[in-house]
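Hi everyone, thanks for making the time. I'd like to walk you through one structure this morning, so let me put it on the screen.

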Amino acid sequence: MKKLFLAATAALALSGALPAMAADAPAASAVLKNYGDIAQAKYEDALSGAKALNVAIDALIANPNDATLAAARDAWKASRPAYQQTEVYRFGNAIVDDWEGRVNAWPLDEGLIDYVDAKSYGDSSDSNPLYTANVIANKELQIGPDKVDASVINAELLHKLQEAGDVEANVATGYHAIEFLLWGQDLNGTGPGAGDRKATDYDTKNCTNGNCDRRATYLKVATDLLIADLEEMAANWQPEGEARKQLAEKGDEGGLATILTGIGSLSYGELAGERMKLGLILHDPEEEHDCFSDNTANSHYYDQVGMVNAWQGKYTRTDGSVVEGPSIREFAAAKNADAAKRVDEALANTSAKMQVLKDTSDAGEAYDQMIGAGNEKGNAIVQDAIDGLVAQTRAVEGVVAALGLKIKIEGSDSLDNPSAVSTK
């Protein structure tokens with residue numbers, strides 16, 4: 001029921017039914033307090049989702065079969081919406097951006113973690129010596145000049161592997177490492193189908209692909225780390241937490257600029273650019289965000305939900321309760337109603353396009369199929385959402401100007417200089 005309620009409330013938030021313009025501007029301090037309260041609620045909900053995932057993973061490890069694997073996959077998917085809605089806090093809040101790589105880094109060279117299909121993946125990479133290190137199968141690893149004891153898979157080892165050798169694709173922790181361990185590689189290219197790892201990869205009595213005990217240990221350690229990382233960020237957004245302190249130190253103008261930086265940069269450089277336009281230019285399924293599970297359309301959709309609720313100052317929690325208060329929207333509307341209205345309209349327009357993206361995926365055509373070469377209809381659905389994101393960024397820039405603020409929007413070669421993007 002929680003999942004159904006979340007979907008319904010998200011659809012309502014994205015429907016374009018906008019609250020009335022405020023006549024008087026709320027105090028900036030009140031806007032920032034509500035922004036922090038919503039962050040706290042979102043990270044607490046993400047933490048709850050990770051804990052539910054942990055329970056499902058315990059059940060899979062204890063009794064690996066098709067049913068427990070499916071339940072763990074469902075729990076992973078259910079954990080994503082709340083987290084995706086937090087991503088609007090990443091840009092502008094250094095404490096979040098510095099931490100984010102531990103929990104949501106992508107894309108990853110999955111051969112670092114486990115076995116891969118050599119035909120499609122290859123056996124080496126000029127840019128990553130650990131491309132096929134396969135820590136699950138190997139109890140000793142060579143990382144640069146150092147031999148690393150990997151006989152025990154624990155948090156310390158996974159931290160050493162994370163971005164080992166200063167290679168960003170060495171992702172050993174977070175949602176996407178767990179996703180790979182639950183689904184395995186998606187070997188379908190831009191055709192239908194997600195990863196298809198078998199439950200017997202965790203069955204020590206009937207083990208497939210070897211090292212089932214170490215694979216289970218890795219999955220459990222990675223999930224425990226995800227919980228610990230989310231606990232850290234949920235604490236940072238408590239009323240006396242470090243994230244709130246850093247926000248307050250920026251002053252009212254700096255705090256308001258932070259909110260708008262989050263919306264503008266997630267919308268433009270990150271989501272429209274790196275997560276969407278790059279994959280569309282290359283028609284490359286490896287450039288989709290949730291590439292093993294084919295959950296990408298949902299991740300993009302809930303990023304947009306997060307931007308809407310950051311603007312409107314209202315968040316519906318996974319238990320159905322609502323956190324709301326004075327918003328940047330009300331503050332902007334009181335200063336320049338036309339500029340605020342343009343953001344309202346742009347957000348509603350993009351949200352409608354994201355709904356089409358999500359509905360298409362829910363109906364059976366996954367995001368990696370939509371970006372495939374020759375899929376004109378699918379390509380157009382993705383491009384429409386990109387265009388909407390770019391337009392809403394421009395509307396946000398209009399509010400920034402109207403409020404006399406200064407922000408820096410993260411860019412992307414995919415949007416700013418597409419000729420620089422390699423066409424494999």
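Let's start at I153, which sits in the loop that runs between β2 (146-149) and α6 (155-161). Please keep in mind as we go that this is a predicted model. Is I153 buried or exposed? Its relative accessibility is 7%, and the cut-off for buried is under 20%, so I153 counts as buried.

Which residues does I153 touch, once we set aside its neighbours within four places in sequence? The contacts are L158, R214, T217, Y218 and V221. Take V221 from that list: 68 residues separate I153 and V221 in sequence, yet their C-alpha atoms are 7.6 Å apart in space.

Y218 deserves a stop of its own. Again leaving out neighbours within four places in sequence, Y218 is in contact with I113, V135, I136, I153, L158, A172 and L181. Y218 also belongs to the largest nonpolar core, which has 116 residues, and is one of the five that touch the most other members, along with L182, W237, M276 and W311. Helix α2 (residues 28-62) supplies the largest share of this core, with 15 residues.

Now over to V396, in helix α15 (residues 376-402). With 2% relative accessibility, V396 counts as buried. Beyond its neighbours within four places in sequence, V396 is in contact with L260, I263, G264 and V343. V396 and A340 are 56 residues apart along the sequence, and the distance between them is 8.3 Å, C-alpha to C-alpha.

On to the cysteines, which I know some of you were waiting for. How many disulfides does a search of the whole structure find? The search turns up one. The bond joins C207 to C212, with an S to S distance of 2.1 Å. The torsion about that S-S bond is about 95°, so the disulfide is right-handed.

Next, the largest pocket. About 1000 Å³ of space lies inside it. The lining is made of 38 residues, and W106, P107, L108, A169 and E286 are the closest to the pocket's centre. What is the lining like by class? There are 17 charged residues, 13 nonpolar and eight polar.

The peptide bond from W106 to P107 is cis, with omega near -15°, and P107 is found in the loop between α4 and α5.

Finally, a pair of aspartates. D166 has a phi near 60°, which is a positive value in a residue other than glycine, and phi of D294 is likewise positive, near 60°. Where are they? D166 is in the loop between α6 and α7 (175-183), and D294 is in the loop between α10 and α11 (296-312). D166 counts as exposed, because its relative accessibility is 77%. D294 counts as buried, because its relative accessibility is 13%.

That's the tour. I'm happy to go back to any of these spots on the screen.

Conventions:
Residues numbered from 1 in each chain as written. Predicted model: local features only at pLDDT ≥ 70, side-chain atom pairs only at ≥ 80, totals over all residues. Heavy atoms only, no water. 1 Å grid on protein atoms, 1.4 Å probe; cavity = no way out; pocket = protein on both sides within 12 Å on 5 of 7 lines; lining within 4 Å. Points joined across faces, edges and corners; volume = space filled by probe spheres on them. Nonpolar A, V, L, I, M, F, W, Y, C, P; charged D, E, K, R; others polar. Helix = DSSP H or I, 4+ residues; strand = E, 2+ residues; numbered from the N terminus. Buried < 20%, exposed > 50% of the residue type's maximum accessible area, 1.4 Å probe, protein only. Contact = heavy atoms within 4.5 Å. Core = buried A, V, L, I, M, F, W, Y, C linked by side-chain atoms within 4.5 Å. Disulfide = S-S within 2.5 Å.
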